[in-house]
Amino acid sequence: MRAAAASMPMGLRTGIFLLSFVGFGTKAGIVPFHLWLPKAHPIAPSPVSALMSAVMLKTAIYGFVRFTFDFLGGGPAWWGYVVLLAGAVTGLLGILYALTEHDMKRLLAYSSVENIGIIYLGLGAALVFMANNAPVWATVALVAALLHALNHSLFKSLLFLGAGAIADATHTLDIEMLGGLLKRMRVTGTVFLIGCCSIIGLPLFNGFVGEWMLFRSFVAGSELPGILSAIVLPLMAGVLALIGGIAAACFAKLYGIAFLGRPRSLDAERAAEVAASMQAAMALLAAACVVIGILPGIVLNPLTVLARELLHTPALPEAVLPIAHTLPWIAACVAVLAIAAAGIRRIKRTVPTWACGLPALNSRMQYSSAAFSKPLRKVFSRVYEADRTVEVLYTQQPYFPKSILYRSVRTTSFEKSLYRPAVDAVVGMASRLRRLQTGNMQVYLLYIFLAVIALLVFMRFA
Amino acid sequence: MGLIEIAAAKALASSAVFLFFTLLVMAAAKRISTCIVMFSVQSAIMAAEILAVAYANKSAEAYTIAALVIVVKVLAIPYLLFRIVRNLKASQDVASSTTGAQSVFIMVGLILLSFFAVAPYARTLRVDEDMLAASIALLLAGAFLMVSRKKALMQVIGLLILENGILLAALTTIFGMPLVIEIGIFFDLLMGVFLMGLFVFRIRDTFEHLDVSKLRRLRG
Amino acid sequence: MTLVLLLLVPFLAALLVLTCKESRRAVLVAMSAGAIEGAAIVNAVWRILAAGALQCGQYLRADGLTAFFLLNVGVILALVLTYSIGYLRHIPAGRFSSPRWFYSLTFLFVFTIMAVFLSANLGMLWICVESTTLASALLVGFYNTKGAVEAGWKYLVVCTVGIAFALFGTIALYLAAVRSGVNPASALDWTVLMNAAPSFGVTRDLVKLSFVFVAVGYGTKIGFVPMHSWLPDAHAEAPTPISALLSAVLLNCAMYALLRFDTITSHAIGGEFSHTLLLIFGGLSVTVAALLMVVQRDLKRLLAYSSIEHMGIVAIGIGVGGPLGLFGALLHTFNHSIAKSLMFFTSGNVRESFGTLRMRRIHGMARSMPWTSAGLVVGSLAIVGMPPFGLFISEFMILTAAFGASRYLIAILLLVSLSVVFGALLHHFQRMLAGKRTDVPAKLKLLPSDFAVMGVCTALLLLFGVHIPGMFAFLLQRALVVLQ
Amino acid sequence: MNPAIDLIQSLLLVAIAPLVSGVIARLKAQMQNRRGASVLRPYADLLKLFRKHDMAPDTASWLFRFAPAALFAVTVTAAAFVPVLHASALFGVGGDFILLVYLLAFGRFFLMLGAMDGGSSFGGLGASREALVSALAEAPLLLALTSVAILTHSISVAGIVLFTLQQHPFQLSAVFVFALGALVLVAIAETGRIPVDNPSSHLELTMIHEAMVLEYSGASLALIEWASSIKLTLILALLIGVFAPWGMAAGASLVALALAPLFFALKLAALTIAIAVLESSIAKLRMYQVPDFLGMASALAILAVAFTALMR
């Protein structure tokens with residue numbers, strides 16, 4: 001296969017690359033082919049969502065890797081830049097969209113888009129390294145991408161299962177209706193927290209390892225001879241950091257609103273822990289997240305073998321090995337310190353939350369999910385286009401309105417400016433075509449006769 | 001040359017004109033029964049032609065085909081169609097979307113067009129120009145009738161005329177195809193007309209009219 | 001004898017089943033006849049593979065290509081018959097619309113289809129293709145509703161007119177052969193024509209003329225745009241098993257006829273002309289069908305347009321040519337037939353449950369009918385060419401062949417259309433699947449047979465997406481040998 | 001080099017952190033014509049808080065109690081990355097800047113969650129604002145450090161410091177200027193100083209950090225306050241180490257090691273004065289101008305990275 005691919009003309013190779021990029025990209029959910037993902041996830045039951053995120057997206061990644069790296073054996077640097085760009089845009093838009101979601105599963109689905117973007121960043125970097133004849137770093141980038149894919153399937157499954165548990169316990173996935181679940185569902189809440197820590201790439205959790213290797217390979221990009229790659233790759237570290245930062249905000253919102261504070265609805269208040277089997281499943285995944293996060297060596301080695309198989313390259317460079325040795329020490333250090341710090345303190349009593357001296361707080365006074373994400377939404381308002389309406393109902397007194405209704409519908413400008421016109425054009429054309437199917441059979445017959453005549457004319461000239 | 005030969009030669013030479021005549025009558029016709037009669041006549045002319053060819057070539061196959069044409073197209077199908085018309089007890093109007101004069105003019109135009117179209121082929125294929133033109137004219141005329149007449153039965157008749165054109169084309173160029181195939185085609189045709197007749201009844205029963213231009217529930 | 005048996009079984013079954021007044025007996029007879037026919041097909045395919053080709057008299061022959069399509073018919077027939085067990089519960093009793101009539105007409109239809117594949121003679125081929133129209137027209141109009149009658153009528157007339165052009169084309173080819181010195185008695189025989197084709201040079205124009213008419217004629221039956229107008233009506237109004245049969249078998253059957261003509265034409269005057277024509281039809285079909293899928297309101301019409309699109313893809317595969325293109329095209333006919341059957345079966349369940357196929361009125365499928373929804377999702381993923389389903393492989397082959405042959409325009413057109421289709425299906429199905437449990441009017445109990453059918457379809461799609469079985473690949477190679 | 005030295009300098013960093021906060025507060029007070037509290041006041045505060053009762057709101061879960069410990073632990077761990085007296089660190093080879101940045105993010109994440117567990121609107125408000133600042137500060141911080149890492153051919157913090165130390169000040173690439181600019185801006189945002197946040201504010205309209213810790217009391221509060229002063233000192237030490245390490249010991253020379261605290265103290269003093277001057281002379285930015293502020297930092301950082309390639 002590889003030999004056949006090597007002898008193919010460049011045009012064909014490019015064709016295959018672009019095809020597999022778009023084809024697998026659609027399946028993986030890279031922007032701008034991501035639209036189906038957040039629509040499909042909320043419909044599916046939680047285990048299916050988990051499986052979809054974990055396996056289906058990964059088969060797409062696998063397919064792309066297989067085609068681009070194994071079958072085609074890499075290509076010119078611009079392939080890599082295309083993939084990098086796609087990854088950067090996908091990651092950023094994915095997490096920005098996730099930030100504004102209040103439906104837990106939609107949020108997680110958009111976060112899948114983001115993670116696919118991160119994986120594509122690694123794949124793009126690997127392609128650039130390969131085109132620049134730096135197989136060692138290509139291996140690092142590819143291992144990073146594969147590792148992140150693996151990690152993503154772990155923590156995203158965990159989170160989707162957690163979402164399923166919450167749906168079971170509270171019958172809703174709208175986080176504006178939740179709150180205080182950690183107290184009511186201790187195991188679910190704890191493992192969900194581990195999932196959140198993993199997904200935003202905190203050290204000692206598995207998400208960090210993949211991202212670290214990505215960062216490392218981006219920094220190594222500065223050693224490449226080409227000016228362009230030496231600028232673009234390190235800048236991608238900034239993109240990745242921005243994605244990570246927003247992801248932290250996003251999952252702080254998700255966890256903080258859904259699991260912490262006071263319940264925002266009766267259902268959330270009455271929530272109880274889910275079945276033990278479900279807890280066990282989640283706990284297993286959470287354990288995997290932590291183990292890989294602290295001892296990344298156990299997955300790094302097999303993945304390196306795999307990547308070397310794909311790229312036919314030497315082992316990982318020395319420069320990336322220390323992380324595997326450092327993380328356990330860091331873990332130990334943090335653990336000892338945290339235990340020590342926790343040991344100093346003795347919680348004496350619980351008191352009502354301070355309410356500025358007013359009567360007791362209620363759940364409606366808490367920060368809502370929409371409010372939490374508001375500052376970031378405002379900063380990135382160019383990406384979102386919200387249709388806002390505020391209806392204020394006054395009685396007699398002008399300063400004490402009876403009710404204020406605030407409605408905000410988010411449509412993303414990306415969808416508006418790129419897809420809307422395209423979709424409108426397609427639908428317009430389709431509607432016009434639709435009129436050709438008049439229902440009148442005589443017109444149909446006319447079409448056939450016209451086709452014959454047109455072809456006879458064509459035949460004369462062909 | 002005996003009388004029969006002279007008659008045969010005459011028939012061959014002028015049959016195209018007769019065929020054109022039947023087409024013009026159909027174009028002008030307002031009643032379905034006229035069209036059915038004209039179709040029968042048209043088929044009879046073709047049968048005569050085939051008989052002439054058969055006689056000239058002493059071909060048993062051609063005789064069989066002529067017999068088939070007489071049985072199926074001159075007698076059976078017109079009979080079937082008449083029965084349908086009678087049983088339908090509906091208006092006999094062909095419901096043309098063009099006026100009579102327009103239809104005739106268009107028909108004349110189609111006939112001229114077919115002469116114009118076959119000119120180059122007639123020479124290379126070494127066949128009689130007006131017969132080939134007639135076959136194309138029949139094709140076009142059938143198509144025209146199907147498109148312009150709104151009654152379901154007229155679609156059937158148009159299709160039959162179209163079919164006649166194809167048959168004529170085959171006859172004038174290569175004296176028809178192998179016998180088994182011809183028989184198969186005739187059988188298919190008969191079944192087709194029978195089925196269409198069945199559907200005409202169903203249309204009348206379910207829609208209570210026979211105007212196919214109003215069958216427009218399914219579209220888009 | 002092997003070949004005669006293939007024809008005899010469905011024909012006798014059609015007669016026999018008509019005598020069964022009781023519907024359970026009819027089902028039993030039909031299922032056993034189906035089993036016998038299946039065995040006969042397997043036997044025939046086996047023998048064909050062993051012998052290369054089978055001949056029976058002057059007019060029946062089966063070669064590798066036939067074997068491939070026979071297998072296709074066998075699989076779909078089995079699926080359709082099994083599905084019908086459950087489906088027939090809902091057939092209202094009428095004068096001609098009873099299970100026995102349904103089975104009788106279905107077997108008659110199968111009989112004509114088998115005859116198409118077994119014809120050794122292009123004239124016979126035409127007769128049989130025309131017979132398929134006649135046999136299936138009554139099935140399309142089976143329900144005798146306004147829509148069904150209208151669809152049946154249009155189907156009958158449009159296809160008969162279209163097929164008439166194919167007759168003209170056949171005659172033109174016959175003329176060309178006779179004028180090139182082939183014995184008139186065997187000048188319609190396929191092998192004879194194939195051998196004589198290279199000497200058709202003198203009648204070059206005639207061969208071209210012939211192919212134009214054949215392409216329009218059989219193209220009508222295949223559903224190429226702009227001759228496709230009958231197809232959505234017929235597919236939408238026919239009983240669901242018949243829709244599957246039409247889409248999965250009848251279209252392939254017409255495609256088979258066109259493929260035979262294309263091969264002869266390519267041999268006679270080179271592939272340029274006929275392939276260009278196929279690419280034009282293919283490109284037009286794919287584009288128009290993809291666009292029309294966006295604005296469909298009825299589920300089965302949507303599926304019908306999708307069939308047009310896929311026939312366009314097959315035409316592109318043949319038009320691009322080369323071993324890869326042809327291989328992809330043949331494989332695609334098979335994959336499409338399975339995926340589309342699955343889709344139609346699920347649409348049948350939807351109709352029984354919701355009482356409508358208007359997509360706007362269908363909500364909450366995912367909750368209320370999870371298995372059917374799963375079938376729909378698998379089918380639609382397969383139909384838009386997602387890995388790991390079979391259509392991905394065949395589409396990929398066709399695209400690769402197109403890029404390899406530097407047919408960039410058509411390849412890009414195909415890609416764009418595929419994405420439009422993806423968008424259209426997503427748009428339609430997402431709304432149908434989502435929603436509350438309460439949106440569903442009636443609960444449909446699925447029979448084991450329904451599960452079996454959907455399971456087999458899914459398994460086959462997955463199998464062909466992951467690995468093409470060796471025997472099947474061998475069969476396909478044999479079919480390709482015939483075409484080259 | 002010597003783990004003992006590394007341990008001592010890390011502990012030193014942790015130990016002097018409250019002092020740095022105290023000095024800055026004192027300097028600010030004096031600039032504002034107040035006498036100000038003793039520079040040792042933060043130690044007294046910590047001592048007092050550690051002895052006080054620890055209270056938790058009734059809505060809070062275990063996370064509320066765990067968050068300060070986690071914050072403190074990761075911040076102290078991060079302190080073990082940064083050379084202070086000797087150009088090495090406890091986490092020398094593996095202690096790279098990426099890990100450092102993410103460890104700080106770790107602490108912040110837990111602090112945000114702890115704040116939200118209180119169930120009042122203040123916690124959510126503070127966490128939301130903190131999320132904004134940290135989301136936007138992470139990229140320039142990482143990019144600026146990336147450019148430095150590229151220039152010094154090392155990703156570990158100790159390695160970066162060692163490289164710079166071995167250069168003559170005038171040998172250093174001009175790119176450092178951009179990196180320094182970016183890092184200073186980010187450092188301000190990260191440590192919650194004016195003009196991004198006001199550490200002494202108790203007005204809900206302006207506060208970020210203070211809003212988050214409103215529900216904390218006793219030892220928990222002590223841990224949080226200590227952790228944030230460690231973070232401040234750590235970042236100052238990082239700035240010193242990366243951009244002006246001269247005077248730090250590199251070899252095993254005892255003289256150099258003995259002089260190193262002096263140099264460090266001088267440079268730290270200069271920085272605290274700079275902070276005090278800055279905080280006394282400019283006003284806090286409006287909340288929605290903070291992104292602009294960080295945008296400038298990002299621009300500088302991007303420029304720094306681009307110049308590393310362009311000026312090779």
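**A close look at chain C**

Reply: Let's take chain C: of its contacts between residues at least 6 apart in sequence, 79% join residues at least 24 apart. Two residues are in contact here if their C-beta atoms, placed from the backbone, lie within 7 Å. Before going on, keep in mind that this is a predicted model, where local features need pLDDT of at least 70, side-chain atom pairs count only at pLDDT 80 or more, and totals for chains, interfaces and linings use all residues. Residues are numbered from 1 along each chain as its sequence is written, while chains are lettered from A and ligands numbered from 1 in the order in which they are written.

Chain C contains 19 helices and two strands. These are DSSP runs numbered from the N terminus, with helices being H or I of at least four residues and strands E of at least two. Of its 484 residues, 68% are buried, a word for residues with 20 or more other C-beta atoms within 10 Å of their own.

Now zoom in on H6(C), which covers residues 146-179. This helix has 34 residues and stretches 49 Å from its first C-alpha to its last, close to the 50 Å expected at 1.5 Å a residue. (The expected span is 1.5 Å times one less than the number of residues.) Buried residues make up 30 of the 34 in H6(C), so the helix is largely enclosed by the rest of the structure. Just after H6(C) comes Gly181(C), with a positive phi of about 95°.

Axes are lines fitted to C-alpha atoms, for helices over the stretch in contact, and angles run from 0 to 180 degrees between N-to-C directions. Sorted by class, the contact of H5(C) with H6(C) has 14 nonpolar, five polar and one charged residues. Here Ala, Val, Leu, Ile, Met, Phe, Trp, Tyr, Cys and Pro count as nonpolar, Asp, Glu, Lys and Arg as charged, and the others, Gly among them, as polar.

This pair also meets a neighbouring chain. The contact between chain C and chain B takes 32 residues from chain C and 29 from chain B. On the chain C side, the elements giving two or more residues are H5(C), at 122-140, and H6(C). H6(C) gives the most, with 18 residues. That side of chain C divides into 21 nonpolar, seven polar and four charged residues.

Elsewhere in chain C there is another pair worth a look. H8(C), residues 204-222, and H10(C), residues 240-269, have axes that come within 9 Å and cross at roughly 170°. That makes H8(C) roughly antiparallel to H10(C). Residues from H8(C) in this contact include Phe211(C), Val214(C) and Tyr218(C), and those from H10(C) include Leu251(C), Met255(C) and Phe261(C). Their contact comes to 14 nonpolar, two polar and three charged residues.

Finally, a quick tour of the surroundings. Chain A has 18 helices and three strands, and 54% of its 462 residues are buried. Chain D has eleven helices and one strand, with 64% of its 312 residues buried. In chain D, 80% of the contacts with a separation of 6 or more come from residues 24 or more positions apart; for chain A, that share is 82%. The contact of chain A with chain D takes 66 residues from chain A and 72 from chain D. On the chain A side, H11(A) supplies the largest share, 17 residues. By class, that side has 45 nonpolar, 13 polar and eight charged residues.

Technical notes
Buried ≥ 20, exposed ≤ 12 C-beta atoms within 10 Å, placed from the backbone. Parallel < 35°, antiparallel > 145°, perpendicular 65-115°, else oblique.
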